[in-house]
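User: Could you walk me through how the labels for this model are assigned? I'd like each one set against its cut-off.

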Amino acid sequence: MKSSGNDFIIPFIGLKIGMHIFEFEVNDAFFESMDYSIIHQGNVKAGLELDKKETMMIARFWVKGTVSTNCDRCNTPLDLSISGEYKLVYKFGTEEAEDESLVVLHPDEYQLDVKDAIYELITVSLPVRVLHAPGECDEEMWALLQQYTVNPGPDEDDEDEWDEDDEDFDDEDFDDEDDSDDDDDGPIDPKWSALKNLN
């Protein structure tokens, strides 16, 4: 059953000036309700410290828990421990927000939906490359993906990648090639001679 998301709506209009703390349970239903979610399952604790002021609200989000997503190498699920925090400023007004950490609320707004903010924090808490530990990838799936990849890149564990210190590579080789044209004492094309005489 998909979550309706109502648990992540905060009616701030009735809140007093000052600090308010909220906690949320992020489970499988949460991720199922998100369109095109890269996370399939999860058990995450999320929190929000909302500092309400006269003309703005400062929100400090944090998340901590475990999520399931796909390995970038073999494309099979793996569990990851995640944690993270970030700050958003909610300001009342009608202008467009140019800062990613600033959300402009219309003066008629009376509640916050923090579901997307929590999901974004969870996703940015994932590592840049999501990979199984060495030896834990699904070998059959990995071999199948390699078979149908047009231009497969080197595996992360491949030690045969190009090394700038390779014996066969020498910067002087390029220098020699570049200098060869300048030092050439061979005959000069008549067309070039005519152009030089124009000076």
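Analyst: Happy to! Buried means under 20% relative accessible area, exposed means over 50%, and partly exposed lies in between (1.4 Å probe, protein chains only). This is a predicted model, where local features need pLDDT of at least 70 and side-chain atom pairs count only at pLDDT 80 or more, while totals for chains, interfaces and linings use all residues. Residues are numbered from 1 along each chain as its sequence is written, and side-chain values use heavy atoms, leaving out hydrogens and water.

User: What makes Phe30 and Tyr119 an aromatic pair, and is it stacked or tilted?

Analyst: Rings of Phe, Tyr and Trp (its six-membered ring) pair if their centres lie within 6.5 Å; planes under 30 degrees apart are stacked, over 60 edge-to-face, and the rest tilted. Let's begin with another pair from the search, which finds seven aromatic pairs in the whole structure. Phe8 and Phe24 lie 5.4 Å apart, centre to centre, with 20 degrees between their planes, and form a stacked pair. That pair links distant parts of the chain, with Phe8 in the segment before strand S1 (9-10) and Phe24 in strand S2 (residues 18-26), 16 residues apart. Now for yours: the rings of Phe30 and Tyr119 are 6.5 Å apart, centre to centre, with 40 degrees between the planes, and the pair is tilted. Phe30 belongs to helix H1 (residues 28-32) and Tyr119 to helix H2 (residues 115-124), so this pair ties together parts that are 89 residues apart in sequence.

User: How do you know what counts as a helix or a strand?

Analyst: Both are DSSP runs numbered from the N terminus: helices are H or I with at least four residues, strands E with at least two.

User: What makes Glu25 and Lys45 a salt bridge?

Analyst: A salt bridge needs a side-chain nitrogen of Lys or Arg within 4 Å of a carboxyl oxygen of Asp or Glu. The side chains of Glu25 and Lys45 meet at 2.4 Å, N to O, so they qualify. Glu25 sits in strand S2 and Lys45 in strand S3 (residues 39-52), so the contact ties together parts that are 20 residues apart in sequence. Glu25, at 47% relative accessible area, is partly exposed, and Lys45, at 42%, is partly exposed as well.

User: How many salt bridges does the structure hold?

Analyst: The structure holds three. One of them joins Lys53 and Asp51, whose closest N and O atoms are 3.3 Å apart. Here Lys53 is partly exposed at 34%, whereas Asp51 is buried at 15%. Another joins Asp72 and Arg129, at 3.8 Å between the closest N and O atoms. This pair links distant parts of the chain: Asp72 is in the loop between strand S4 (56-70) and S5, and Arg129 in the loop between H2 and helix H3 (139-147), 57 residues apart.

User: Why are Asp72 and Arg129 labelled partly exposed?

Analyst: Asp72 has a relative accessible area of 43% and Arg129 has 41%. Both values fall between the two limits, so partly exposed is the label.
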